[in-house]
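Thank you all for coming; I would like to walk you slowly through one protein chain. Please keep the picture in view while I talk.

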Amino acid sequence: MKRILLLTDFSENALLAAQQVALCTEAWKTQKVIIYHTYNSVTIVNNEPIVIVNDEVKEAKEKELTAWFDQIRLLFPPQVELTHQMEDVDLPLGVNDMCKSHDIDLVALGITGQTGFAKILVGSNAITLMDICIKPMLIVSHKVNPAIPKNVLATTDLKEVDRKLDSFNLDQVLDTFNAQLYVLNVAKKEGSAADLAQELKHLHERLDKYHPIYDYISHDDIALGIEEYAKEKHIDLILSFHKKQGLLASLFKTSISKKIAWNGAANLLVIPMDRS
């Protein structure tokens, strides 16, 4: 995690994300953190472009970003280079462009849970980004106090185990923080014995070196089962392998990873996977 993109909307949740990232930078040997804020100066109303951010508002945002940057820079060790950037662009597009142009290893941001129409109509930047972000995302929950993760939960559906574990080096979390690994499979029903046996073999071959605690449970609601388990085991960080969707598809499909993020039982590290 040498280069981190830290997103901010200047909220308390963004501050929590900054605190969490700052605590991890020394262990990650992070070299650079870029504080990033986006806005849209023009929106479409009745098929007509409407300017919603003029020069005066833009200047105010720049001052707010500078003030926020000055506030959080004291959280980080002196060896970490901090910069900030603001752009007039849709957040998902801006984030992926920044990831490519700055060789970002991790995108970090805060989230607060919403329910009902607020969740449907307003949505969340974290939830939208989850479907299209090309880099791992650390989603920091408003329910969790910033801390070095000591208990890490890897969730698995016992499908494509090798492909998922090839997509992310777990040493960046487990060895770096000397964390205890829990591996959890939550299922609504039993799968094919032959298929499960092969995937279990791959799982143990890849993870036994971390001396994990394995658990296999049944629950009618997989996301709720994970949340209850995380609370019981005092999990600090949940690892979730997430298959990316297109932006339109993401509006209509609620994945397990999204539900976990909304529930906010623990911080969530989302590892992106292209759909096979």
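This is a predicted model: local features need pLDDT of at least 70, side-chain atom pairs count only at pLDDT 80 or more; totals for chains, interfaces and linings use all residues.

Let me begin with Thr8, which has its place in the loop between S1 and H1, where helices (H or I, at least four residues) and strands (E, at least two) are DSSP runs, numbered from the N terminus. Residues are numbered from 1 along each chain as its sequence is written, and side-chain values use heavy atoms, with hydrogens and water left out.

Is Thr8 buried or exposed? Thr8 counts as buried because its relative accessibility is 7%, and buried here means under 20% relative accessible area, exposed over 50%, and partly exposed in between, with a 1.4 Å probe and protein chains only. Leaving aside residues up to four places away in sequence, Thr8 touches Ala14, Ile35, Tyr36, His37, Leu65 and Trp68, a contact being heavy atoms within 4.5 Å. The side chain of Thr8 also reaches the backbone nitrogen of Phe10, at 2.9 Å.

Now to the sheet, which is open and has 10 strands in the order S5-S2-S1-S6-S7-S12-S11-S8-S9-S10, with mixed pairing; two strands pair if DSSP finds at least two bridges between them. Strand S5 (81-88) and strand S10 (213-218) each have a single partner strand, so one side of each is left without a neighbour in the sheet. Strand S1 (residues 3-7) and strand S2 (residues 32-39) run parallel and are joined by 5 bridges, and within this pair Ile4 stands opposite Val33 in S2.

Helix H1 (residues 12-28) lies across S1, S2, strand S6 (106-111), strand S7 (137-141) and strand S12 (267-273), and runs at about 125 degrees to S7; for such angles, axes are lines fitted to C-alpha atoms, for helices over the stretch in contact, and the values run from 0 to 180 degrees between N-to-C directions. Helix H3 (residues 91-101) packs on the sheet as well, touching S1, S2, S5 and S6.

Finally, consider the whole chain, whose secondary structure comes to 11 helices and 12 strands, and in which buried residues make up 47% of the 276 residues.

Terms used: A polar contact is a pair of N or O atoms within 3.5 Å; within protein, one must be able to donate a hydrogen and the other to accept it, and residues adjacent in sequence count only if both atoms are side-chain atoms.
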